[in-house]
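User: I'd like a close look at one part of this model, with the charged side chains in focus. Please keep it plain and spell out your cut-offs.

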Amino acid sequence: MNINTFKNDIFGGVTAAIVALPLALAFGVASGAGAIAGLYGAIILGFFASLFGGTSTQISGPTGPMTVITASAIATFQNDLQAVFTVIFLSGLIQISFGIVKIGKWIKYIPYPVISGFMSGIGIIIIILQINSFVGVDSYGSVIETVVNIPSTIKNIDFHSFIIASITLVIMFLTPKKIAKLIPPALIALVFVTLLSVSMNFSISTIGEIPMGLPELVFPFSFDILKLSTIITLAITLALLGSIDSLLTSLVADSMTKTKHKPNKELIAQGIGNSICSFFGAIPGAGATMRTVINIKSGGTTRVSGIVHSITLLLIVLVLAPFASSIPLAVLSGILIKVGFDILDYKFIRLINKVSKQDLLVMVTVVLLTVFVDLIMAVGVGITFASIIAVYKVSKNTKIKTIYPKRESDFDIDIEDKSTKIIKIKGSLFFGTASILDRRIDKVRARTKTLVLDCLEVSVLDLSAIFMLEEIVRRLKNRDIEVILLLKISDKKRVINLDRNNIFKNIKIFNKIDNAVNSIQENNYKRSPL
């Protein structure tokens, strides 16, 4: 590393820390763990994810999606923070295991409509849950509860909080780009609106005292065993979400720096960081897209920038903690509402009238389930829907054709009674198309003595299809119909290896159509009278 690179990394890290400060405070408060938990989440995760990570320019810390899950855990385990930190610790271990078994490369195969719906749903959750803080009313932990009680919330509005939050939101949305490049709008809002609130002597809720010095150690694992299933469910949700969030940010960093990240190494680093967060009462996080982009644009090129980002935040906590106690919660709500709008997937929304009905169905379903039901269920249902649609599309491209040799020029077989038929499969023969083949055979088996199943142009042959072929052969043999199977050599080996009932071993299997033709002609010659 040369001196210029080092200088750029320091500048990138310090700039990223300035951007991260108001967001860390806001996410800490929004999670229910407190502003200091958000700050230490950014410091600890940011440090270890950079130290061990697989994306050199990535800045990690609390993010909107991870904060929503953490808030859910805190609401679930009220007055039991040890259970919450057990969730965070286990989520880190799960992420580490994801990296060890090299699951990182598979994250990219999650369909885009699922990711789009999930992220947009998270954005909507953040916006809705900040409504009460925006108007100075005690918040609810549930989206449905917040929406249902909006009339009551409006009646109890605190106008000082509303004014402060509104000014914050205006700054967040309308700060000119030239100024935003120099000073992050969130930092402008945090400093300017807090000073305004103090100078006007507004009596509104604030962050409260933030302890100076290093955090005390917290030991997870002391919890009611009856809560274990809920703890594991939340931990898996955090781990999956943190992994997806981080690797998507890694892809953004790759596109900007023309580099290639190491996904499994990144997952291990994120898991280490989140596990360590649990011992210091800090909230978990993931790779943060906006902070990573700021770091890169400010000159950061190596993992030093992420480490500098964490050290800068730690110095701010040790020196400026007393000043943070005066920050109004309404300011943080305004910042978070802008974050919620930023998370919405405008790319998909702009194309909503051009995407297929199936993709739109998946996206809308995931949004609704994310907002009103459960995040992990939303991802599960979304992937299931998308998979079913993909299977349907693939099955439509699989061609199954019945060939009558006497009429087809490609198969010059002299059979007057038309008792030989050939079924040719082209494309994928798997669980989604095996039943179609079964129905086709039911239609042609009348007056058939010999049936050739031509699978030479099958690109995919899965276990379901092999078992279906086994059942087809067994049924046809019971009807005294001779079956000849045409398979590629590799497929033949698989079929024979899986043949525990000796079904395929007792039929003819060839890898060329000519061999099948010769075999049929020989049989006809033997059957024909002298």
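Is R474 buried, partly exposed or exposed?

Analyst: R474 is partly exposed, at a relative accessible area of 35%. On that scale, buried means under 20% relative accessible area, exposed means over 50%, and partly exposed is in between, using a 1.4 Å probe and protein chains only. Before going on, a word on the source: this is a predicted model, where local features need pLDDT of at least 70, side-chain atom pairs count only at pLDDT 80 or more, and totals for chains, interfaces and linings use all residues. Residues are numbered from 1 along each chain as its sequence is written, and side-chain values use heavy atoms, with hydrogens and water left out.

Back to R474, then. Its side chain forms a salt bridge with E471, and the closest N and O atoms are 2.3 Å apart. A salt bridge here is a side-chain nitrogen of Lys or Arg within 4 Å of a carboxyl oxygen of Asp or Glu. R474 and E471 both sit in helix α21 (residues 463–478), and because they are three residues apart there, about one helical turn separates them. Helices are DSSP runs of H or I with at least four residues, strands are runs of E with at least two, and the numbering starts from the N terminus.

E471 also has a salt bridge to R475, at 3.8 Å from N to O. Those two are four residues apart in helix α21, so they too are separated by about one helical turn. As for cover, E471 is partly exposed at 29%, and R475 counts as partly exposed at 23% relative accessibility.

For a contrast, look at K508 and E482, whose side chains meet in a salt bridge of 3.5 Å, N to O. K508 lies in strand β7 (residues 508–510) and E482 in strand β6 (residues 482–486), so this pair ties together parts that are 26 residues apart in sequence. K508 is partly exposed at 30% relative accessibility, and E482 is partly exposed too, with a relative accessible area of 23%.

Elsewhere, K424, K426, D454 and E457 are linked in a network of salt bridges. The structure holds seven salt bridges in total.
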